[in-house]
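Hi everyone, thanks for making time this morning. I'd like to walk you through one structure, so let me put it up on the screen.

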Amino acid sequence: MNTELIAGAAVSTPLNVDLTVDTSLLIEHLRDMKSSGINLFTLFGSTGEGASFSLPERNAVIEYCNAAGILPEELGSGIFALSSGEAGKAISDAFSFGCGHVLLAPPLFFKGVGDEGLYRWFSEALESAGPNIGPVILYHIPALTQLELSLELIKRLSKAFPETITGVKDSSGNGAYTENLLENKGRLKILIGHEGQLERGMRSGASGAIAGTANFIPDIIKTIVHDGGKQQNLPMLIDELIKYPIFPAVKAMIAHRKELTSWLNVRPPLVGMTAEESKVLCQRLDVLFPS
């Protein structure tokens, strides 16, 4: 197993009936994934409904994970913010409360923003976070942000913040973009966030994945990343998954595999899958990846 590679999870967030974080279930879930070969956990990303949680909530969960034995080098947090100052505060807090990395998305409100504006926003966010921060992974997920992180922008930020920006998570699902990113990655780690592109990405030099599917098929992600395994059914599962609201769908599959309905809880504005939708999707999961 190549331990330099990252078999990471975009961790889904279990919720109690009152929609507070079920921290005990979260720790159990992290330990289960770790035992299956997952070696990096990013909380409060898009799969983790990160934009639905306040900063104090996020900080408390990070602190709880550390107290439960999840090491900072194993743990990270997604950052979704509108203002650069808000992003900087969230970055600073994530490291202060026990994260070893953050996943930083571009601002979510303004559309049609060009490279210069994004460069200034990211720069202000990183500068306002202060000098004592750890690795920052840029998060490219244009389906949600409606913003592209161009290769030129990534290179410029990497040059300006060489000790801070260590990689890019690419969830675009755009094969040509991913290949271009990998061909010009330099010192950056490129982490695949669209599992339909994972095998191809690994063959082209990706450093691993931060994968939502690691929540319910962690062994498959480990096999592809660490063992060079081939899993031809994974792109088929992703094609099925994206027919539904993705983040409730991920929770439906976790609930199915763990036989625990509390995993179905989501925070507004998301709503859960219908029983029929869950049944169809989970049947497909079981056909492609028998438990």
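This is a predicted model: local features need pLDDT of at least 70, side-chain atom pairs count only at pLDDT 80 or more; totals for chains, interfaces and linings use all residues.

Val61 is buried, because its relative accessible area is 5%, and the cut-off for buried is under 20%. You'll find Val61 in helix H2. Setting aside neighbours within four places in sequence, Val61 is in contact with Val21, Thr23, Leu26, Leu43 and Phe44.

Not counting residues up to four places away in sequence, Leu43 touches Val11, Leu26, Val61, Ile62, Cys65, Leu75, Gly76, Ser77 and Gly78.

Ser46 sits in the loop between strand S2, residues 40–43, and helix H2, residues 55–67. Its relative accessible area is 9%, so Ser46 counts as buried. Which side chain does the side chain of Ser46 join in a polar contact of 2.6 Å? That partner is Tyr139. Beyond four places in sequence, Ser46 is in contact with Phe80, Tyr139, Ile141, Leu144 and Phe247.

The largest pocket has a volume of about 450 Å³. There are 24 residues in its lining, and those nearest the centre are Ile141, Ser171, Gly193, Ile246 and Phe247. Helix H5 (142–145), strand S8 (208–211), helix H10 (233–241) and helix H11 (246–258) are the elements that each give two or more residues to that lining.

Let's move on to helix H7, which covers residues 175–183. Where does the side chain of Asn174 reach? At the start of H7, a side-chain oxygen of Asn174 comes to within 3.1 Å of the backbone nitrogen of Ala176. The buried residues of H7 are Gly175, Tyr177, Thr178, Glu179, Leu181 and Leu182. Their cover includes strand S5 (136–140), helix H6 (151–160), strand S6 (165–170), strand S7 (189–192) and helix H8 (198–203).

Helix H8 is also where we find Gly201. Gly201 is buried, at a relative accessible area of 2%. Leaving out neighbours within four places in sequence, Gly201 is in contact with Leu182, Ile192 and Ala206. From Gly201 to Ile246 the C-alpha distance is 22 Å, and they are 45 residues apart in sequence.

One last stop before the discussion. Asp93 lies in helix H3, residues 84–97. Buried or exposed, what would you guess for Asp93? Asp93 is buried, because its relative accessible area is 8%, again set against the under 20% cut-off. Beyond four places in sequence, Asp93 is in contact with Leu55 and Asn59.

That's my tour, and I'm happy to take your questions.

How values were computed: Residues are numbered from 1 along each chain as its sequence is written. Side-chain values use heavy atoms; hydrogens and water are left out. On a 1 Å grid over the protein atoms alone, a cavity is a set of points where a 1.4 Å probe fits but cannot get out, and a pocket is an open set with protein on both sides within 12 Å along at least five of seven lines; lining residues have an atom within 4 Å of a point. Grid points are joined across faces, edges and corners, and a volume is the space filled by probe spheres set on the points. Helices (H or I, at least four residues) and strands (E, at least two) are DSSP runs, numbered from the N terminus. Buried means under 20% relative accessible area, exposed over 50%, partly exposed in between (1.4 Å probe, protein chains only). Contact means heavy atoms within 4.5 Å. A polar contact is a pair of N or O atoms within 3.5 Å; within protein, one must be able to donate a hydrogen and the other to accept it, and residues adjacent in sequence count only if both atoms are side-chain atoms.
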